[in-house]
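Welcome, and take a moment to look over the model before reading on. We will walk around its surface and then step back to see the whole.

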Amino acid sequence: MNIFRAPLRFVEEMPVGELLKVENEFFETALEIRSKLGKRAYLIDHYVSKVFSVINAKMTADMVEAGIRAYGELIHSIHLGADDENKELLSQVQRTKQTYRHYKGLYQEESTARSMTAIVIKQEMLPRLAQKFIGEHLHALASIYDELRLNELYELIGKAVGEEIMERLNSLLKRSFLIAIPTSLFLQGFIQCFMDDLMTKDIETNKVIFQLWLDELARNKERGNGGISGC
């Protein structure tokens with residue numbers, strides 16, 4: 001079955017009806033915990049409020065924009081000079097330059113050589129860029145996320161009502177309110193720029209980058225040199 005058989009498949013992953021159902025289950029579960037806690041019902045209110053505060057601080061648009069900026073950083077790295085002032089990234093810069101020279105020798109258009117190079121170095125740079133984003137996001141949450149208190153509340157409530165129902169509450173919380181996690185949003189912004197490059201046309205060959213890359217993979221496979229190497 002073609003998962004892209006209709007336009008809606010590009011827009012809707014979780015049907016709204018399903019989301020509302022899960023949300024209702026969350027409120028019912030929170031109410032059940034409240035009832036079991038009796039006079040200490042305020043504990044679950046406090047716990048949920050703290051989780052809401054962290055989720056609400058993720059700033060969706062900023063996450064996507066961070067991914068777009070990260071792709072710009074990757075493209076910028078292609079034009080960096082391999083000097084001793086940046087020793088930590090020196091080997092990566094040298095490999096990037098080598099890859100770029102390789103594609104400059106194959107294609108007349110500088111933009112094509114740059115886009116082909118980007119495909120190769122993305123394999124090495126994206127994990128580092130993603131880790132950098134995660135670190136920055138965790139730092140931004142430091143003033144909001146009280147790990148000690150949140151875990152303390154979870155333990156207190158779990159002992160009173162059972163950990164099973166708390167695990168269910170957390171699952172429903174995530175499915176209802178954390179539909180798109182920050183890293184996914186970051187990656188979507190990054191991949192959006194990457195796709196723009198893949199669909200850029202090389203005027204020399206009259207092919208888009210995506211086609212040129214498949215051509216290269218086919219040649220590598222014929223030579224018994226599969227995978228992404230760039231050389």
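Which residues make a nonpolar surface patch of about 310 Å²? The patch is made by M199, F210 and L214. Patches here consist of residues with over 30% relative accessible area and no salt bridge, where nonpolar side chains (Val, Leu, Ile, Met, Phe, Trp, Tyr) are joined within 5 Å and like charges within 9 Å. Accessible areas come from the Shrake-Rupley method with a 1.4 Å probe, and for residues only the protein chains shown count as cover. You can find M199 in the loop between helix 8 (182-198) and strand 1 (201-202). With 57% relative accessibility, M199 counts as exposed, a word used for over 50% relative accessible area, while buried means under 20% and partly exposed lies in between (1.4 Å probe, protein chains only).

Before going further, a word on the model itself. It is a predicted model, in which local features need pLDDT of at least 70 and side-chain atom pairs count only at pLDDT 80 or more, while totals for chains, interfaces and linings use all residues. Residues are numbered from 1 along each chain as its sequence is written, and side-chain values use heavy atoms, with hydrogens and water left out.

Now for the overall plan. The protein chain has nine helices and two strands; helices (H or I, at least four residues) and strands (E, at least two) are DSSP runs, numbered from the N terminus. Read from that end, the elements follow the order α-α-α-α-α-α-α-α-β-β-α. Of the 231 residues in the chain, 35% are buried. The chain exposes about 14400 Å², with carbon and sulfur atoms supplying 55% of that area. Among contacts (heavy atoms within 4.5 Å) with a separation of 6 or more, 73% are between residues 24 or more positions apart.

Charged side chains come next. Side chains of opposite charge can pair when their charged atoms come close. A search of the whole structure gives nine salt bridges, each a side-chain nitrogen of Lys or Arg within 4 Å of a carboxyl oxygen of Asp or Glu. One of them joins E18 and R175, at 3.9 Å from N to O. This pair links distant parts of the chain, since E18 sits in helix 1 (residues 16-37) and R175 in helix 7 (residues 163-177), 157 residues apart. Both partners are partly exposed, E18 at 33% and R175 at 37%.

Another bridge joins R95 and E124, whose closest N and O atoms are 2.3 Å apart. Here too distant parts of the chain are linked: R95 belongs to helix 4 (residues 90-104) and E124 to helix 5 (residues 110-141), 29 residues apart. R149 and E152 also form a salt bridge, with 2.9 Å between the closest N and O atoms. These two both lie in helix 6 (residues 147-161), three residues apart, about one turn of the helix. There is also a network of salt bridges that links E32, K36 and R168.

Finally, look for a patch of negative charge on the surface, where E155, E163, E164 and E167 gather. E167 lies in helix 7 and, at 46% relative accessibility, counts as partly exposed.

Terms used:
Lys, Arg positive; Asp, Glu negative; His and termini not counted. Charge placed at Lys NZ, Arg CZ, Asp CG, Glu CD.
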